[in-house]
Amino acid sequence: MQIVETLNEGLKRAYTLKITAQDIEARVAAEIKRVAPQIRMPGFRPGKVPANLVRKMHGPALAQDALSSSVQEGVQQLIAEHALRPAMQPQVALDPAYAPGGDADVTVELEVLPDVPAPRIEGLKLERLTVPVADEAVNEQLQRFAEQQKRFDDAPEGHAAATGDLIVMDFVGKVGGVAFDGGTGTDMSIEIGSGRLIPGFEDQLIGAAKGEERQINVTFPADYGVDTLSGKDATFDLTIKDVRVARETVIDEELATSLGLESLEQLRGLLKGQIEQELNGLTRTYMKRKLLDQLAEGHDFPVPPSMVDAEFEQIWAQLEHEATHEADPAAAKAEMEKERDDYRRIAERRVRLGLLLSEIGQANGVEVTQAEMNRLIAQAAQQYGPEDRQRFIQYIQQEPMAAAQLRAPLYEDKVVDWLFERAEISEREVTRAELEAAIESEDGFATGTHIHNHDHDHHDHAGHDHGHDHQHDAAAVETAEPAAAAEAPAKPKRTTKKRAEPAEPAGEGAEQPKKPRKKKADAGEAGQG
């Protein structure tokens, strides 16, 4: 095989490979010799089919396979001999003029990872903004929690439902007079005014009485999640089976014991712990932003345009999706277009920071253990039904890029924690409002979106080792470009609340808010921020 370099410009490389007809034919002959004993053909004893008949029957397919494997091995040889570190999957193309039986000319185009300079991490200085949890904040949280734990009693005979009452009903939804899939339910509970149903539905429940049958008219939102219902007018035939009125909200020991807790004081402690955890998360977000800012200011090196393009496309896709939920989607998208260059600059910064964090982690032995990876897989699998969980686990185990995607956020956090441990950190007590303002204030930036991972250790076509040192590539695999708090410009302010999408909620159980988790007696968990 002949390899000729045709482009070497910045991080871009291009090559031509010439695979001779003799090489392809040698592979075909070897494959015929291997499979001939396994071929069965009428008139011949098992394993005695002549090679020329095997060639006649399977020659074209074997030649195609031989060409494909030759190209794969050629790309692997190219990467090994030239010590290349692909940033993204190489683009491989066969000359359209290729004819079976002749030489094959193949072009290979790729971008390589840059040589990341030795990170300068000395002299990092950070400020930890802390917010003490005041009793007033716990009391407010307890009040909100108690209001969410509403209890309902049967309404008096003839009571007309009002906002805040709970309706229990059967329903049949129809479009054009025909019942639609998912539009029928029984014993559904809904609190009037909760905003869980599509606009206009709950308003028409006001005045309903137990035993009443009524029909209401609604219009599904244009951005409703079911295409066959989006923007459609619909009717719902309702049977009101019960009307219940809310009890007065009381904060007492009974509230705590009804949740399976020992006392009201324990409930207060759990709520305080939740507030502390939330505030610690805000503190970390601020510190991480400051850390990444310092790293970005101290390091500048070229990054592969293909990685920047992929990063930008993900950012842009998310922003476009969010724009569809704005009061004026067209105006939101127009505002986005004005900031397109800013978003591309952010994409480039994210890629550079991702490579830099990878280099820091690799150079200092930061890694995600197998036990940690197993926990990540188990947690991610929980979002699937029992029948699909094992398939998901097998997918992650068999797809290196999917595994790297899952591992990336944890690896990044571990590198950030490693840097925190070596930075000079001062503390300052602030209010929650001041902390949130500090997060939102810097240069018009707001919290960023999580970035997908780029796998730099699996760019061969056959899944085999290229025969060169992947140590640096493996470092890049470990982390995504940072999900940095400072990385995305502020999005246009949303002018309308996102509406509750389902036409029918999941029942009375869905009314209950998330209850506070009991703290485990595990010392490791207790120490987490």
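In this predicted model, Leu-357, Ser-358, Ile-360, Gly-361 and Gln-362 of helix α8 are in contact with Tyr-411, Glu-412, Val-415, Trp-418 and Leu-419 of helix α11, where contact means heavy atoms within 4.5 Å. Helices (H or I, at least four residues) and strands (E, at least two) are DSSP runs, numbered from the N terminus. Because the model is predicted, local features need pLDDT of at least 70 and side-chain atom pairs count only at pLDDT 80 or more, whereas totals for chains, interfaces and linings use all residues. Residues are numbered from 1 along each chain as its sequence is written, and side-chain values use heavy atoms, with hydrogens and water left out.

**Helix packing**

- Two packed helices are described by the angle between their axes and the distance between the axes.
- The axes of α8 and α11 come within 10 Å and cross at roughly 70°; axes are lines fitted to C-alpha atoms, for helices over the stretch in contact, and angles run from 0 to 180 degrees between N-to-C directions.
- Helices α8 and α11 are therefore roughly perpendicular to each other, on a scale where angles under 35 degrees count as roughly parallel, over 145 as roughly antiparallel, 65 to 115 as roughly perpendicular and the rest as oblique.
- For α9 and α10, the axes come within 9 Å and cross at roughly 140°, which makes α9 oblique to α10.
- The crossing of α9 and α10 is right-handed; a crossing is right-handed if the near helix is turned clockwise from the far one by less than a right angle, and left-handed if anticlockwise.
- On the α9 side of this pair, Ile-377, Ala-380 and Ala-381 meet Arg-389, Phe-392, Ile-393 and Ile-396 of α10.

**Nonpolar cores**

- The largest nonpolar core has 48 residues; such a core is a set of buried Ala, Val, Leu, Ile, Met, Phe, Trp, Tyr and Cys residues joined through side-chain atoms within 4.5 Å.
- Accessibility classes are assigned by relative accessible area: buried is under 20%, exposed is over 50%, and partly exposed lies in between (1.4 Å probe, protein chains only).
- Leu-291, Leu-295, Leu-355, Ile-360 and Leu-419 have the most contacts inside the largest core.
- The elements giving two or more residues to this core are α5 (264-298), α6 (305-323), α7, α8, α9 (370-381), α10 (386-398) and α11 (400-422).
- Helix α8 supplies the largest share of the core, 9 residues.
- Leaving aside residues up to four places away in sequence, Leu-295 touches Arg-120, Leu-353, Leu-356, Leu-357, Ile-360 and Leu-419.
- A second, separate core has 26 residues, among them Val-28, Val-71, Val-75 and Val-108.

**Salt bridges**

- Side chains of opposite charge can pair when their charged atoms come close.
- The whole structure contains 31 salt bridges, a salt bridge being a side-chain nitrogen of Lys or Arg within 4 Å of a carboxyl oxygen of Asp or Glu.
- Asp-187 pairs with Lys-241, with the closest N and O atoms 2.7 Å apart.
- Asp-187 lies in strand β8 (residues 178-191) and Lys-241 in strand β10 (residues 233-246), so this pair ties together parts that are 54 residues apart in sequence.
- Lys-241 is partly exposed, at 36% relative accessible area.
- Glu-335 and Lys-338 form a salt bridge at 3.9 Å, N to O; the two residues are 3 apart in helix α7 (residues 329-338), a separation of about one helical turn.
- Glu-335 is partly exposed at 32% relative accessibility, whereas Lys-338 is exposed at 68%.
- Asp-342 and Arg-345 form a salt bridge whose closest N and O atoms are 3.5 Å apart.
- Both Asp-342 and Arg-345 belong to helix α8 (residues 340-363), where they are 3 residues apart, about one turn of the helix.
- Asp-342 is partly exposed, with a relative accessible area of 31%, and Arg-345 is partly exposed, with 46%.
- Salt bridges that share partners join Arg-284, Lys-288, Glu-412, Asp-413 and Asp-417 into one network.

**Positive phi values**

- Ala-83 has a phi near 50°, a positive value in a residue other than glycine.
- Ala-83 is located in the loop between α2 (51-81) and β3 (91-94) and is exposed, with a relative accessible area of 57%.
- Asp-187, in strand β8, has a positive phi near 55° and is likewise a residue other than glycine.
- Asp-187 counts as partly exposed, at 46% relative accessibility.
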